[in-house]
Amino acid sequence: MSCNHHHHHQPNASDQSYPELNYGPGAKWIKSLTQGRLGTFHGGHFSDVNLSSVLFTHRVDNAKNVQLQVWSAPGLTKPTFEEAMKQKFKPAKKGDSFGPSCELICRSARYCGLLLVTGTNHWWKVSLTIPGYWQQYERVQFEFDPGCEAMVYTTDGVPLQGITGGFGVDRRVEYIIPKEALEQGTHEIVIESTCNGMFGVPWNGDTIAPPDMNRYFSLASADLVVPNQEAWHLLWDFQTLREIVDSVPGNTSLQNKALVVANEIINTFERGDASDIRRCRKLAEQVFGEGWQEMGEDVYKDDKKAQIWGIGHCHIDTAWLWPYRVTQQKVARSWSTQVDLMDRYPEHRFACSQAQQYKWLEQLYPPLFDRVKEKVLEGKFHIVGGSWVENDSNMPSGEALVRQFLFGQRFFESRFGKRCETAWLPDSFGLTGAYPQLIRGAGMKYFFTQKLSWNNINVFPHSTFNWVGIDGSQVLCHMTPVDTYTAQATVGDVVKGLNNHKNIESSDTSLLVFGNGDGGGGPLAKMLENLRRIRATNNNHRELPPINMGHSVDEFFDHLAESTVSGKKLPNWHGELYLEFHRGTYTSHGSIKKGNRHSEILLRDVEYVATMASVLKPKEYSYPKKAIDDCWEKVLLNQFHDVLPGSAIGMVYEDAEKLYAEVAKDGKNLLEEALKILLPNSVPLTADTKLKSGTSLSQIASVNTTPFRRRDVVKVPLAGASPSLKSAVGQVDADGKMGYAIMDNGALDASVHHSVGSLHASAYTNGSNHFVLRNSSVQLTISDGRISSLFDVQQGRELISEGATGGLVIFQDRPNYWDAWDVEIHHLETAKPLEFTNVSVVSHGPLRAAVKAEIKYGNSTIIVTISLDAVGATVKPSSRSLFVFDAEVDWHQRHEFLKFELPLNIHNDNAIYETQFGYVQRPTHKNTTWDMAKFEVCGHKYADLSEYGYGVAILSESKYGFACQGNVLRISLLRAATAPDADQDQGKHTFSWAVMPHEGHFLQSDVPMAAYLFNSPVYVRYLPQEQDALAASTEAPLAVQGAPNVFLETIKRGESDSFDTELSSEESSKTTTTVVIRLYEAFGGHAKATVNIGKQFSVKKAHVTNLLEDEEAELNITNTESGPSVKLDFRGFEVKTLKLVLGTTKEGAGARKRNSWVSIDGARLVTI
């Protein structure tokens, strides 16, 4: 049986859509060529037919539509808007040249005898007539390109936005005409242009080159234009697509899709008309998502767990390749631009630091300051940093760093009602290990930086971590993996924020700090547009890290703290954040380093004596708070991280040195005024002082502003001296006019005339090439022009390595690029020892012995006087004497580095260097690349190499660069870079250093005390009336006992005290008088200190405060017969601030006893 089955096949859809036959070539592409094609769609050779050809619908520049007038400010002037508007303007036109970049004035200074002042200013009145039919367009702009920086104002002087001319990535030349002006058909604005670029005016195009003195600019554009907004949006679409193609790693789906879409856009763009552009933009939605643009700022609304947090920023160097006055303009230009962008992009948030810049804005541009303040209060313009400027953190003293925060936070609170929560130093050249404690003490717990990404030897291992300071305090620190504070908000930046994160196992969140910077500018509209497209892409694809906007830096850190369980999931980094780069900045521009150190010491002394005068004699003296603050603001300003390091152009140092001169003048006047209150009718004792006949011993006194008892050799004029005064003179100058005496903590030591004591100093020579300075504790020998011996007489120990010599040494100094910034490790291969010549004995002792030597090298002359006094470095019984080196240098080398070195017969794997409120140890060996990297380091007043039983320190009064390679201890003295200042350090210098042998290891020594004294002048006073000398005695109001490792750093009046001299007696009675004392533990160990307060002070309360003087804990006051006291416990390197609230202080109380004002373990601080 058979069956016939008939099966009929029914074709399905897939059969119909997939052809049976294929005669085509296939769709395989050559990806690299397609990717290369993307560069042809905008600009370049095809700009007449590609997208560039349709970016503008209309453009006019004729006199009918654009009328210009200009007035050029004369000379050095930077007139205000009101002053400029009173001047006579003249007609101008597009294409006109204006300048020069620098005003030249005949001066015997730098740059071939010319003083440079960068950026001459030119004011433009602009009158626009807008064609009536242009009202149909979405936007009309005025395009103004002067090739330099400029700012747009309303006709009544309100800054509107900045202009950045030229064709760099920071170009912004468009000003959007307001809608109401379009309707009116006319519009007027004023523009101020300044003849400098965003990075100054380098003469050869190299950013760090000295400035071009005579550069002129041309007005390249002054056009009224209608931008084709859809074409511009297509340009931004295409740029984002291209960035995805170039930046997304690997052969991903998103990367390929972006390339396919970008390629199709090029194919679709035929005539470039509106329909083409719409089709092209529709294609882009395949990547960005359908309807993404209509979402606007809501594209960020889906608040998924963002890994990248975007924050706008505009890093403005307070001075660098331009002086301070140009920065004032940069601030206004940059911040007005950001306020404008906030109105156009609601998600835009902008973080900005540096209270000094806010103050300039308030003083010079009040209407703009008011607009900024509105945005601060709206939560869009974010204050960060908490400091006066973004300061260098290596060289300022600990107290100066405190004042950076104190002045910064108080300013922000006074203007905006809030303090900063995040410390912010993205560009400082290394960060002291004292910072975590100071940041916490200033009311912050978060810290942002990134400069260590510049390390040139080792890669820093963390992105988000707990930074633990030398005292154990910690802050939550983030170093953006994007490795910049001037990101361009590209896809590459966003991708790097995740892919370069070094702690992804602990935290996968990064801060994207974007916006043009260094010279200002900040974010541009194209950056905000790009970020919207990146987020839109992420809303539809997973290959990009999610980014959010609309949040603050503080919120970012709050998120980090929460997500890492308050940092418990994070790694720790202990100690300093040493930058393996820019090591030459510890030495460049020696005069600026000297100005900084001497100003810090002077202001410490002023505050001390002014506090005592105002508290002890309030009816005669009012604390000069404003004058002191004015001085501090100048010092803090000069601590900016491109000024104090010596890495700015020459004209910056003209300004900085003027500020230091003002501080020196005003500070000395303030000091003198207070001293005359404390020591009535007294005058400084100098070589020119005329003593009255019969002047007695008691009429010469001194004021010691340090926390240590001291013995100093001082010089006293002999004319008019009584027999009792002459009895204190143990040595007389060759001319017989000046005598040497010993000032023993405030009073002349009369016993010197009979016996100099055990430290009798002497100098002798064999008459040719062998010179010896000696006393009973130490001896130094110069043989054949080098230091051949440094000898401890008491121990019979030679301290110079066998066969080696010490002295001055010079090195080649040719860094790989950053001239003023860097000294590279290879400079150590070029050492050339210098020999002392023309050595002679200039003082034979017995109180002071000295030799004088000369070195001629190249075009330079170095004169050094080496002296040894008949006193110890401190009053510690075993303290050795200092060998003091006073140098006078006429320096004319180029690219050479002068140092002083001692090859010591001492071994230790680490040397010790003073840092703020403590010390840091650094390796002397090269075990690892981390060790090798620290071949040049920063120290403050001392560097020390010790082993068990002995050590040697080098003390510095104005230098910060040190090194210890093996057993060779060095101090860096002078450099000679030529960029960005062509004449850095050329000319005359005076400075000192000292060599201090000491018994015992550093931790057993008096090195920190000796260094403190070496940096602190003793103020010797002459009281013409003997009754004044007798009446000047006071008991000690303050004494710190029981803790020799606790140093009293600062005594000042409280910030909240009233210093209004116009108050009525009733009002004055209601004010509070406080004295603020800052102390710290200096050796790295615990301490229990007792602060004894004398009867002169009526103390009502005592509080421990933070650095901002907010009261944290009230202390128990114990009353004894000698007065009240409080107890303080310290951990190693801890800083404590004590506030004493005083009642009425009786003037002259306790005048019966001659004693001191402040003492530590009985060492009198001030005796009169």
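Predicted model: local features only at pLDDT ≥ 70, side-chain atom pairs only at ≥ 80, totals over all residues.

Analyst: A helix here is a DSSP run of H or I with at least four residues, and helices are numbered from the N terminus. Helix α6 supplies the largest share of its lining, 10 residues. The space in this pocket amounts to about 1300 Å³. Its lining consists of 42 residues, and those nearest the centre are R171, W232, L235, W236 and K526. Two or more lining residues come from each of four elements, namely the strands β1 (56-60) and β8 (141-145) and the helices α6 (229-247) and α15 (525-538). By class, the lining of this pocket divides into 15 nonpolar, 13 polar and 14 charged residues.

Rolling a probe the size of a water molecule over the atoms shows where empty space is left. Across the whole structure, the search finds nine cavities of 30 Å³ or more. The largest cavity has a volume of about 250 Å³. It is lined by 19 residues, and S397, G398, E399, K941 and E1049 are the closest to its centre. The elements that each give two or more residues to this lining are α12 (398-416), α17 (590-616), β43 (910-915) and β53 (1046-1053). Among the contributors, α17 gives the most, with five residues. The lining of the largest cavity contains eight charged, six polar and five nonpolar residues.

Two packed helices are described by the angle between their axes and the distance between the axes. Helix α18 (residues 625-638) packs with helix α19 (residues 650-678) at an angle of about 150 degrees, and their axes are 10 Å apart. Because angles over 145 degrees count as roughly antiparallel, α18 is described as roughly antiparallel to α19. The crossing of α18 past α19 is left-handed. On the α18 side, the residues in contact are A627, I628, C631, K634, V635, L637 and N638, and they meet A656, L659, Y660, E662, V663, D666, G667 and L670 of α19. This contact holds 10 nonpolar, two polar and three charged residues.

How values were computed: Residues numbered from 1 in each chain as written. Heavy atoms only, no water. 1 Å grid on protein atoms, 1.4 Å probe; cavity = no way out; pocket = protein on both sides within 12 Å on 5 of 7 lines; lining within 4 Å. Points joined across faces, edges and corners; volume = space filled by probe spheres on them. Nonpolar A, V, L, I, M, F, W, Y, C, P; charged D, E, K, R; others polar. Axes fitted to C-alpha atoms, helices over the stretch in contact; angles between N-to-C directions. Parallel < 35°, antiparallel > 145°, perpendicular 65-115°, else oblique. Left-handed = near helix turned anticlockwise from the far one by under 90°. Contact = heavy atoms within 4.5 Å.
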